[in-house]
Amino acid sequence: MFTLAEVASLNDIQPTYRILKPWWDVFMDYLAVVMLMVAIFAGTMQLTKDQVVCLPVLQSTVNSKAQAGTSGKADFTTVETTTVQGEEASMRTVSFESAPTVTPDVLLSSATSSQYQPTESGQEVKKEQKDSSGRRTNLDFQQYVFINQMCYHLALPWYSKYFPYLVLIHTIILIVSSNFWFKYPKTCSKIEHFVSILGKCFESPWTTKALSETACEDSEENKQRLTGAQSLSKYVSTSSDEGSPSANTPMIAKSGFKFSADKPMIEVPSVTILDKKDGEQAKALFEKVRKFRAHVEDSDLIYKLYVGQTVIKTVKFIFILCYTANFVNTISFEHICNPKVEHLIGYTQFECTHNMAYMLKKLLISYISLICVYGFICLYTLFWLFRIPLKEYSFEKVREESSFSDIPDVKNDFAFLLHMVDQYDQLYSKRFGVFLSEVSENKLREISLNHEWTFEKLRQHVSRNAQDKQELHLFMLSGVPDAVFDLTDLDVLKLELIPEAKIPAKISQMTNLQELHLCHCPAKVEQTAFSFLRDHLRCLHVKFTDVAEIPAWVYLLKNLRELYLIGNLNSENNKMIGLESLRELRHLKILYVKSNLTKIPPNITDVAPHLTKLVILNDGTKLVVLNSLKKMTNVAELELQNCELERIPHAIFSLSNLQELDLKSNSIRTIEEIISFQHLKRLTCLKLWHNKIVNIPSSITHIKNLESLYLSNNKLESLPAAVFSLQKLRCLDVSYNSIAVIPAEIGLLQNLQHFHITGNKVDTLPKQLFKCVKLRTLSLGQNCITSIPDKISQLLQLTHLELKGNCLESLPATLGQCQLLRKSGLVVEDHLFDTLPSKVKEVLNQDTSIPFANGI
């Protein structure tokens, strides 16, 4: 036997799911519990008190009633009063006086015999009873029990017997149907995650803080305080919408380069203090909500399952109501039974009474009433399910009441779950919407960031760069801390991998800031901040993945001197590079482009009259169209590196002001066009390194003003005499070629200061080399040199000597006469250095901190 508590446990859903049970589900659950109680009460009564009592119907009585036209129901009073035998027969039928026990004394068998034998006198009956002897068996009681049990199954309607069990089964089915969507594996995991996240979002301190700050921002008192803040008025523009959360970070729009300004930002006393732990929990919630939305929003299984179980409950209600209504009238107190056991009992018909009929009928009416109420609620649920589009959920009301206008609308199962939550309490969805807003997430990041990166911590990260400028490098932060803009003496600011970088008006405090780096950081600026950058910024580095990431305001910095663009600028996106806007950069002097260009974009040539240096570093993409170079008449330095050039471009010969040309890492094989360089009167530096040049034409002598010639990492096998006719040559680099001999004509280069011939096949050094007395750098490493002449002592200005990787056995003692040479500038094997005399070692080991004139 099971208890009510055990059955009720089927309807026991975890309390955490109560927020997903609307009022109709809760009401139906209570109705189901009441129906369970009805079933259990009826079943208990039936098991303990249910029985049928039957008495035989005399044949004569039946016949007389049939002739009189009366009903077929037996009346036991009539049976006693209409018998033809009189008082003696009546005594024989119902007398119990002679019985020594409580068992009825009159046998059904004796009553049966009285129907077929004449009735004797009372004296004869008494004599017969007096003379009777034998064992008493109570057979008459067993006959009654037998008839009662038999008529219980034959005469009693089945609904009277199984009513409690049917109610129990139906109720269990309804309970299972109501809660199946909480148990089904495909839906229970989503519901569990949703309830867990929803509860955490509701209780999160960030939710309260965000909504409280929204209330403060919208209050009249706060507006008056903001308008009265005179100290910040110079940072504010009045072109923004007061209540729009999307304007929290005003920025320059790309189309038309229009500005949107933010409302003034001043300290508003926060209602709650968000510590670091709470901030981390809120960040985790934002990530959970984002992932849960992506997981749930793409299907509508929960909605379909809920609709399906509601339809099943409605069909069940109709089925129960239809068949139960037909059996209401079958439950009766009196029943006629014809067991067909006349050969055992002697009677063919019995009239029976069912003592539970009245109670069962009342319980059945109560059950029908409960089912009707249950069914009407099911119909209302179906009406609710199909009346409004539950697969769509709009946060429009939440957006209107809060400052988070970017809360997105959701769909499918995500929307349905939120609709269900609204039936419990709409405050849940309002607080949940905070974690769907990017503006809210950005505010959280900003608060957490400012809490972590204080002024003192930022000051510790400030360093000195190679140019002896104060530099701050921020890497992979969620934003730019406010304390950065309090570092008023900062010269260089580097922002790398900061997707939500915002530059506020406070940057105008950084009067020393002249260089800004934006590495994969599409920074947004306020209007006042832009005005400051436009007037003070001199150097800007922008590294990006796609050209669309370049902030639009970059092309409006009219006082910018240097612009470095590093990223993908393929032919399809070339049209998008600032384009005509580059013309506004009237003071731009240096343009550095590291990309994959196939031609020099026309917009770059628009600033050609202002440029003095153009650097194009390709990734190996062949640069084909170079005619636009002719327009760059003021360019003094030109670098075209890794552009797969096979010859020196003819367009270069028109650059009359060119002073330095760098064609590093191309595929140039011949430089016969070098004769045209005679028109470049100002060319002093020519870099043709890392190419495939085989020989140097004699026409190089026409570049009379050449001071530096870089031909390293080519395929040269000899140095022609024409090279040594360049009297102004100060630097010659022919490292890593296949040169075997240094010509004696090298002595003609009296102005030569740097000579690099490392990584060749030189075995001897000509004496004329040491006539170049101005040599300060001599790189002879990785050759086949066997000895160093003593005349090396003539190189009194030598500061760097590389001899490592040769076939030397010793070093000349005359090295000690090279007054400026120190051990730090002598690159040689340790064992060779030990061959020097101790006095020479002492000279070379002198203080190396002595500054050398002009450097290396």
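**Transmembrane regions and cysteines**

An unreviewed UniProt entry places the feature "transmembrane region" at residues 27-47, 162-182 and 364-386. The model discussed here is predicted, and it holds two disulfides.

**Annotated spans**
- Residues 27-47 are 100% helix and 0% strand, with the end C-alpha atoms 30 Å apart.
- Residues 162-182 are likewise 100% helix and 0% strand, and their end C-alpha atoms lie 31 Å apart.

**Disulfide Cys 54 to Cys 352**
- Cys 54 is joined to Cys 352 with an S to S distance of 1.9 Å.
- The link between Cys 54 and Cys 352 is right-handed, with 110° about the S-S bond.
- This pair connects distant parts of the chain, 298 residues apart: Cys 54 belongs to strand β1 (residues 52-56) and Cys 352 to strand β3 (residues 350-354).
- Cys 54 is buried at 1% relative accessible area, and Cys 352 is buried at 1% relative accessibility.

**Disulfide Cys 151 to Cys 337**
- The sulfur atoms of Cys 151 and Cys 337 are bonded at 2.1 Å.
- This link of Cys 151 and Cys 337 is left-handed, with -90° about the S-S bond.
- Cys 151 in helix α8 (residues 139-154) and Cys 337 in strand β2 (residues 334-337) are 186 residues apart.
- Both Cys 151 and Cys 337 are buried.

**Pattern and other cysteines**
- Counting bonded cysteines along the chain, the disulfides follow the pattern 1-4, 2-3.
- Cys 521 is in no disulfide, and its nearest cysteine sulfur, that of Cys 519, is 8.2 Å away.
- Cys 521 is buried, with a relative accessible area of 4%.
- The closest cysteine sulfur to that of Cys 807 is in Cys 784, at 5.5 Å, which is too far for a bond.
- Cys 807 is partly exposed, at 45% relative accessible area.

Methods. Residues are numbered from 1 along each chain as its sequence is written. This is a predicted model: local features need pLDDT of at least 70, side-chain atom pairs count only at pLDDT 80 or more; totals for chains, interfaces and linings use all residues. Side-chain values use heavy atoms; hydrogens and water are left out. UniProt positions are given in the numbering used here, feature names are shortened, and annotations may be inferred rather than shown by experiment. Helices (H or I, at least four residues) and strands (E, at least two) are DSSP runs, numbered from the N terminus. A disulfide is a pair of cysteine sulfur atoms within 2.5 Å. Buried means under 20% relative accessible area, exposed over 50%, partly exposed in between (1.4 Å probe, protein chains only).
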